[in-house]
Amino acid sequence: MAIKKPNKLPQAAVLKQILRRCSSLGKRSSQGYDQEGGGGLPLDVPKGHFVVYVGENRTRYIVPISFLTRPQFQSLLQRAEEEFGFDHDMGLTLPCEEVVFRSLTSTLR
C-alpha cells in the first residue's frame, strides 16, 4: 500500500498565491494607490517589489519580488503564514525583529 503524497503546487504558483493574498498587493480603492495600471499597488512601490511589515513597530519595507525565491525568505513567509495568516487587511507581516530582517535582506541583495 503506497502512501500518496499531497499534490504540491509548483513554486511559482505558490509565490503568486502569496502575492495575491498580501493585502498590500490587493485591489484597493483608497488614496495613494494606483488603480489604473498598477493593479492596486501603492504608488511608492516600484514594479517588481512588494511591501512587508517587520518588527514590533511594524516598520514598512519594500522588497524585490526576487526575494520570494530565496529559501531564507521563504522560511520567513512560512512562519508569517503560521503566525498571522495572509488573509487580513494589515499587509504582509513578517515575524522577525527588524535588525534580523535588515541583516537577512542585506545578504540577499
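**Entry 1: around helix α2**

I started just after α2, where Gly 85 has a positive phi of about 75°. I kept in mind that this is a predicted model.

Then I went back to the helix itself. Helix α2 covers residues 71-83, which makes 13 residues. From its first C-alpha to its last I read 18 Å, close to the 18 Å expected at 1.5 Å a residue.

Which residues of α2 are buried? I listed Phe 73, Leu 76, Leu 77 and Ala 80. They span an arc of only 100° around the axis, so they sit on the same side of α2. I noted the general rule beside this: an α-helix has 3.6 residues a turn, so residues three or four places apart point the same way. On the other side of α2, I found Pro 71 and Glu 82 exposed.

**Entry 2: the whole protein**

I stepped back to count elements. The protein has three helices and five strands. Along the sequence I read the pattern α-β-β-β-β-α-β-α.

I checked burial next. Of the 109 residues in the protein, 36% are buried. The accessible surface comes to about 7,500 Å². Carbon and sulfur atoms hold 52% of that surface.

Among contacts with a separation of 6 or more, 44% join residues 24 or more positions apart.

I looked up the confidence. The average pLDDT of the protein is 75, and 59% of the residues score at least 70. Over residues 23-31 the pLDDT is below 50. Beyond near neighbours in sequence, that stretch still has 24 contacts in the model. I wrote myself a caution: where pLDDT is low, the predicted coordinates should not be read in detail.

Which element has the lowest mean pLDDT, and which the highest? Strand β1 (residues 33-34) has the lowest, at 50. Strand β4 (residues 59-64) has the highest, at 94.

**Entry 3: salt bridges**

How many salt bridges are in the whole structure? My search gave two.

I took Arg 60 and Asp 44 to begin with. Their closest N and O atoms are 2.7 Å apart. Arg 60 is in strand β4, while Asp 44 is in the loop between β2 (41-42) and β3 (49-54). The pair therefore ties together parts that are 16 residues apart in sequence. Arg 60 has 33% relative accessibility, so it counts as partly exposed. Asp 44 has 45%, so it is partly exposed too.

The other bridge joins the side chains of Glu 98 and Arg 102, at 3.5 Å from N to O. Both residues lie in helix α3 (residues 98-108). They are four residues apart, about one turn of the helix. Arg 102 is partly exposed, with a relative accessible area of 43%.

**Entry 4: helix α3**

I stayed with α3 and sorted its residues. Glu 98, Phe 101, Leu 104, Thr 105 and Leu 108 are the buried ones. Seen down the axis, they fall within an arc of 125°, so they line one face of α3. Val 99, Ser 106 and Thr 107 are exposed on the other side.

What do the buried residues of α3 pack against? I found β3, β4, α2 and β5 (92-94).

Leaving out residues up to four places away in sequence, Val 54 touches Thr 59, Tyr 61, Leu 94, Cys 96, Glu 97, Glu 98 and Phe 101.

Val 54 and Phe 101 are 47 residues apart along the chain. Their C-alpha atoms are separated by 7.4 Å. Phe 101 is among the buried residues of α3.

My last stop was Arg 58, in the loop between β3 and β4. Its phi is near 50°, a positive value in a residue other than glycine. Arg 58 has a relative accessible area of 26%, so it is partly exposed.

Definitions and conventions: Residues are numbered from 1 along each chain as its sequence is written. This is a predicted model: local features need pLDDT of at least 70, side-chain atom pairs count only at pLDDT 80 or more; totals for chains, interfaces and linings use all residues. Side-chain values use heavy atoms; hydrogens and water are left out. pLDDT is the predictor's confidence in each residue, from 0 to 100. Helices (H or I, at least four residues) and strands (E, at least two) are DSSP runs, numbered from the N terminus. Contact means heavy atoms within 4.5 Å. A salt bridge is a side-chain nitrogen of Lys or Arg within 4 Å of a carboxyl oxygen of Asp or Glu. Buried means under 20% relative accessible area, exposed over 50%, partly exposed in between (1.4 Å probe, protein chains only). The expected span of a helix is 1.5 Å times one less than its number of residues. The arc is that of the directions from the helix axis to the C-beta atoms. Accessible areas come from the Shrake-Rupley method with a 1.4 Å probe; for residues, only the protein chains shown count as cover.
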